[in-house]
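Here is a friendly note to read alongside the model. Please keep the 3D view open and look up each residue as it comes along.

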Amino acid sequence: MKEFKLNYYEKLYLARHFEDELMKLFADNKVVGWIHSNKGHEVIGVSLALAMKSHDYIVPHHRDRPAYLAKGLSAKSLLAEIMGKTTGCCGGIGGELHIMDVETRIYGPTGVLGSNLPIALGIAYANKLAGNDHVVVCNFGEGGSNRGSFHEVLNMAALWSLPIVFVCENNKFVEFTPMQKHMNIEDVARRASGYDIEGIIADAFNPMETYETFKYAIEKARRGDGPTLVEAKTYRLDGHYEGDPMKYRDEEEKKYWLERDPIIGFKASLLNESIANESELESLEASVHQVLKEAVEFALKSEPLKVSDTFKNVYA
């Protein structure tokens with residue numbers, strides 16, 4: 001258990017500080033385009049990756065960098081891709097929003113929220129036809145659950161009892177709109193009952209609870225017992241995009257969630273439960289910072305994408 005929890009903390013710490021480095025590069029005009037922070041989502045991504053097997057698939061949404069890193073995509077490859085460098089996992093063509101990596105079975109999101117759901121359904125159906133034990137995890141935000149694709153896909157996944165876990169990362173905002181202004185229910189997990197599948201709520205500021213919930217749902221799918229809808233309730237600690245003034249947000253609400261920061265809380269629990277001491281954690285954190293330092297140097301030195309490169313994979 002000590003080894004598992006230290007590994008968990010290392011991945012949480014890496015996810016959070018990867019974002020910090022990315023924001024510094026963005027502020028220094030080293031990143032082209034927008035950056036959508038995933039601070040507050042780290043527990044979801046790390047828990048999923050640790051509950052999955054290497055041959056399982058994740059079809060993510062745009063705040064899932066913690067899952068990419070925890071599932072095995074290198075910080076160098078991910079950062080280079082976001083910066084539009086040829087050494088990135090997609091050769092710099094995908095950028096921040098279209099991360100794809102076949103080796104780690106990350107089948108990336110698209111620019112249309114909720115459009116990844118049918119892709120995940122197809123992969124799960126193919127796995128069922130092949131008769132293997134591979135599970136597909138499909139992530140989306142609560143706003144994505146209002147789209148027609150969500151309901152179509154849950155209906156078909158339930159009908160065919162597919163090996164898929166649907167993960168709603170409910171961070172309480174769809175871009176700039178609070179949840180209560182676009183949805184008449186408090187819990188997205190309740191929507192599972194319309195398709196006669198199990199709906200579960202997990203507190204995504206509680207690392208071990210979230211991990212155990214995902215582990216249960218993934219192993220259930222692996223046994224052939226069908227899909228599950230897991231609503232991981234979290235809070236988006238930053239704005240919709242880097243630079244978002246967040247005038248729509250209540251400052252007291254933000255303060256409340258910042259004080260519950262799961263990474264700080266998990267570190268405190270490791271110390272309080274004598275799972276690790278300060279020097280062990282400092283050594284672990286230092287190794288993460290070294291990984292990130294090397295990733296930044298690698299990405300900055302890598303060749304940028306040329307205009308002609310954008311046509312390499314266009315066939316018509």
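1. **Two terms to start.** Contact means that heavy atoms lie within 4.5 Å. Helices (H or I, at least four residues) and strands (E, at least two) are DSSP runs, numbered from the N terminus.

2. **What kind of model this is.** This is a predicted model, in which local features need pLDDT of at least 70 and side-chain atom pairs count only at pLDDT 80 or more, while totals for chains, interfaces and linings use all residues. Residues are numbered from 1 along each chain as its sequence is written, and side-chain values use heavy atoms, with hydrogens and water left out.

3. **Helix H5.** Please find helix H5, residues 116-130. Its 15 residues reach 21 Å from the first C-alpha to the last, close to the 21 Å expected at 1.5 Å a residue; the expected span is 1.5 Å times one less than the number of residues. Which residues of H5 are buried? They are Asn-116, Leu-117, Ala-120, Leu-121, Ile-123, Ala-124 and Asn-127. Here buried means under 20% relative accessible area, exposed means over 50%, and partly exposed is in between (1.4 Å probe, protein chains only).

4. **One face in, one face out.** Seen down the axis of H5, the buried residues fall within an arc of 165 degrees, so they line one face of the helix. The arc is that of the directions from the helix axis to the C-beta atoms. The face of H5 turned away from the buried side carries the exposed residues Leu-129 and Ala-130.

5. **What covers H5.** The cover over the buried residues of H5 includes strand E1 (57-59), strand E2 (136-141), helix H6 (148-160) and strand E3 (164-170). Just after H5 comes Gly-131, with a positive phi of about 75 degrees.

6. **The cores.** A nonpolar core is a set of buried Ala, Val, Leu, Ile, Met, Phe, Trp, Tyr and Cys residues joined through side-chain atoms within 4.5 Å. The largest one has 61 residues, and those touching the most other members are Phe-18, Leu-48, Leu-79, Val-165, Phe-214 and Ile-218. Helix H1 (residues 2-27) gives this core its largest share, 11 residues. A second, separate core has 24 residues, including Tyr-57, Ile-123, Ala-124 and Leu-162.

7. **A look around Ile-218.** Leaving aside neighbours within four places in sequence, Ile-218 is in contact with Leu-48, Ala-51, Met-52, Asp-56, Val-135, Val-137 and Val-165.

8. **Salt bridges.** The whole structure has 17 salt bridges, each being a side-chain nitrogen of Lys or Arg within 4 Å of a carboxyl oxygen of Asp or Glu. One of them joins Glu-273 and Lys-5 (3.4 Å, N to O). Glu-273 lies in the loop between helix H9 (262-272) and helix H10 (278-301) and Lys-5 in helix H1, so the pair ties together parts that are 268 residues apart in sequence. Glu-273 is partly exposed at 47% relative accessible area, whereas Lys-5 is buried at 12%.

9. **Another bridge, and a network.** Lys-220 and Glu-198 form a salt bridge, with their closest N and O atoms 2.8 Å apart. Lys-220 sits in helix H7 (residues 207-222) and Glu-198 in strand E6 (residues 198-203), 22 residues apart. Arg-16, Glu-42 and Asp-261 are linked in a network of salt bridges.

10. **A backbone point.** Most residues other than glycine have a negative phi. Where is Met-246 found? Met-246 is in the loop between strand E7 (228-233) and helix H8 (251-258). Although not a glycine, Met-246 has a positive phi of about 55 degrees, and at 15% relative accessibility this residue counts as buried.

11. **Aromatic rings.** There are 15 aromatic pairs in the whole structure. Rings of Phe, Tyr and Trp (its six-membered ring) pair if their centres lie within 6.5 Å; planes under 30 degrees apart count as stacked, over 60 as edge-to-face and the rest as tilted. The rings of Tyr-9 and Tyr-13 have centres 5.8 Å apart and planes at 45 degrees, so this pair is tilted. Both residues lie in helix H1, four residues apart, about one turn of the helix.
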